[in-house]
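Here are my notes on this one, as promised.

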Amino acid sequence: MNLYVSMANWVSTAPDYTFTGLKWYYYLFRQGRFWLMFRNNLYWLILGVISTAIAAIFLAYLLELAPFRGLSRMCARLSFIRWRCLLVVTGTIWSWMYQPEKGVFNTLLGSVGIDSPLTFTNDPATATFWLILIFVWQYLGFSVIIVQSSLRTSELQEMVEAATVDGASKLRILFAVIIPISAPVFMVLVSLLLISTLKVFDIVWIVTRTGPGIATDVLATNMIVSRFTTSAWPRPARRLAVIIFLLAFIIVVPYTIYAFRKWFE
């Protein structure tokens, strides 16, 4: 229904189901703001997902190498707590820390003699990257838990023990044994992170309100804001929803095919 309405002539509060084809998609694609949002989403998809996944793999492996299991469990639980925080709470706390004058980061820099404060999200050129850092911090604990679960399977433990007996270093075991065997789990993690970045809204809206200007606007944020405001005609919300769905579809389908092939092997 949404797909059909997105190609109808419904551009105001009065419903109009007259079919217009791809007319409004063509109108959307001609807007410079759409391509800015699309570019920002690519930043989130690439930088946010890759950074979180790589950091989770190395952190989970370091926790497994910890000499005390209690220490490993405590660190894992502490890192998981932040994922349980509402993104509204996380965004509010980080927006305070990002304040150029009284924020925690610039205060710490000033205490060590660095008198050139960082502008953080006030700089249009780098604001999106500072928002992605919040996402990485938020989802790192969740990602570590998933990776750790794959490291504790009996099959992997046996292969790690065999590699250790053969004299392989810890780093060699990680790249030659753990990562290849745990690849399906990593694919699940990456798929979940990709979908999370596609629907990111809270962090962007709470910290920057898509600013400075529209520098940090993304597809999901624009979809929600335009849906609940009366000043955006024609409303792009339905068309953006279809585009987000198609992007998620493109991401999930290859993994689904891969998973079914593994299942029936």
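Predicted model: local features only at pLDDT ≥ 70, side-chain atom pairs only at ≥ 80, totals over all residues.

1. The largest nonpolar core has 55 residues, and Trp 44, Val 147, Ile 203 and Leu 219 touch the most other members. A core here is a set of buried Ala, Val, Leu, Ile, Met, Phe, Trp, Tyr and Cys residues joined through side-chain atoms within 4.5 Å; buried is under 20% relative accessible area, exposed over 50%, partly exposed in between, with a 1.4 Å probe and protein chains only. Helix 7 (residues 127-151) supplies the largest share of this core, 12 residues.

2. Residues are numbered from 1 along each chain as its sequence is written, and side-chain values use heavy atoms, with hydrogens and water left out.

3. Click on Trp 44 next. Leaving out residues up to four places away in sequence, Trp 44 touches Val 49, Thr 128, Leu 131, Ile 132, Phe 135, Thr 197, Val 200, Ile 203, Val 204 and Val 218 (contact means heavy atoms within 4.5 Å).

4. Now the helix pair. The axes of helix 3 (residues 32-64) and helix 10 (residues 183-198) come within 9 Å and cross at roughly 145°; axes are lines fitted to C-alpha atoms, for helices over the stretch in contact, and angles run from 0 to 180 degrees between N-to-C directions. The crossing of helix 3 and helix 10 is right-handed, meaning that the near helix is turned clockwise from the far one by less than a right angle. On the helix 3 side, Asn 41, Trp 44, Leu 45, Val 49, Thr 52, Ala 53 and Ile 57 meet Phe 186, Leu 189, Val 190, Leu 193, Leu 194, Thr 197 and Leu 198 of helix 10. That contact divides into 11 nonpolar, 3 polar and no charged residues (nonpolar: Ala, Val, Leu, Ile, Met, Phe, Trp, Tyr, Cys and Pro; charged: Asp, Glu, Lys and Arg; polar: the others, Gly among them).

5. Leu 174 counts as buried because its relative accessibility is 1%. Leu 174 touches Ile 57, Phe 58, Tyr 61, Ile 179 and Pro 180, again not counting residues up to four places away in sequence. Leu 174 and Ile 57 are 117 residues apart in sequence, yet 9.2 Å apart in space, C-alpha to C-alpha.

6. On aromatics, the count is 22 pairs. Rings of Phe, Tyr and Trp (its six-membered ring) pair if their centres lie within 6.5 Å; planes under 30 degrees apart are stacked, over 60 edge-to-face, the rest tilted. Tyr 98 and Phe 120 are stacked, at 4.9 Å centre to centre and 20° between the planes. Both Tyr 98 and Phe 120 are buried. Phe 201 and Trp 205 are also stacked, because their centres are 6.1 Å apart and their planes at 15°. Trp 94, Tyr 98, Phe 105, Phe 120, Trp 130 and Trp 137 form one aromatic cluster.

7. Finally, the overall layout. The protein chain has 13 helices and 0 strands, where helices (H or I, at least four residues) and strands (E, at least two) are DSSP runs, numbered from the N terminus. Its C-alpha trace spans about 70 × 60 × 25 Å along the principal axes. Of the 265 residues, 39% count as buried.
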